[in-house]
Amino acid sequence: MPRGSAVHAMQAESLIRSAAQNLAAAKAAHDRDMKILRHLRSAEESLTDSMQRHATIQKAWEHVSAAEDLVTDFTVKQGVIRTRQELDVARRSPASADFERLRSTLRSEAVGPAVRLIVRRASELQEDLLAWIKIQELIASHLRQLSEITYEGLRESQ
């Protein structure tokens with residue numbers, strides 16, 4: 001049965017495994033959020049071509065729909081749905097579609113909240129990074145102390 005420091009090392013190892021799993025989940029969420037943002041920005045970019053109105057609106061609608069399928073955040077989801085609804089109306093009558101209004105709606109209702117979500121999650125990861133740096137410093141100090149004790153004990157035993 002492990003004793004003393006070995007028990008603490010096992011507990012620390014377990015916590016590190018748990019942190020690695022949390023990091024994998026955070027990375028997956030980050031990748032998904034970035035994919036959503038790329039779809040939304042592609043939709044916005046497609047709305048710059050007002051010459052082929054139907055094709056442009058259809059392309060933007062497809063990107064927004066793809067983003068909608070990926071979204072898990074409530075605020076971003078609401079904005080994406082509102083944007084898709086505006087694009088649905090524009091798809092029915094592309095000749096009268098106001099592309100500037102569509103782009104403005106897309107930016108304010110969908111892109112803006114998606115960017116804020118990414119920034120918020122990045123800030124949380126930044127806080128985790130600082131906490132892990134502090135933990136590394138504590139581990140390094142602990143290892144130095146263990147090394148000194150071991151060295152002293154081995155030196156005295158000779």
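**Close-up 1. R103 and E100 in helix α4.** In helix α4, R103 and E100 are three residues apart, which means that about one helical turn separates them. In this predicted model, the two residues form a salt bridge whose closest N and O atoms are 3.5 Å apart. R103 is buried, its relative accessible area being 17%, whereas E100, at 49%, counts as partly exposed. Through salt bridges with shared partners, E100 and R103 are joined with E44 and R107 in one network.

**Close-up 2. The salt bridge of D33 with R121.** Among the 15 salt bridges that the structure holds is the one between the side chains of D33 and R121, with an N to O distance of 2.5 Å. Because D33 belongs to helix α1 and R121 to helix α4, this pair ties together parts that lie 88 residues apart in sequence. D33 is buried at 4% relative accessibility, while R121, with a relative accessible area of 24%, is partly exposed.

Close-up 3. The buried residues of α3 are V76, G79, V80, T83, R84, L87, D88 and A90, and what covers them includes α1 (5-46), α2 (53-70) and α4 (99-157).

**Close-up 4. D88 and R91 within helix α3.** D88 and R91, three residues apart in α3, or about one turn of the helix, form a salt bridge with closest N and O atoms 3.6 Å apart. D88 is buried, with 18% relative accessible area, and R91 is partly exposed, with 28%.

Note on methods: Residues are numbered from 1 along each chain as its sequence is written. This is a predicted model: local features need pLDDT of at least 70, side-chain atom pairs count only at pLDDT 80 or more; totals for chains, interfaces and linings use all residues. Side-chain values use heavy atoms; hydrogens and water are left out. Buried means under 20% relative accessible area, exposed over 50%, partly exposed in between (1.4 Å probe, protein chains only). Helices (H or I, at least four residues) and strands (E, at least two) are DSSP runs, numbered from the N terminus. Contact means heavy atoms within 4.5 Å. A salt bridge is a side-chain nitrogen of Lys or Arg within 4 Å of a carboxyl oxygen of Asp or Glu.
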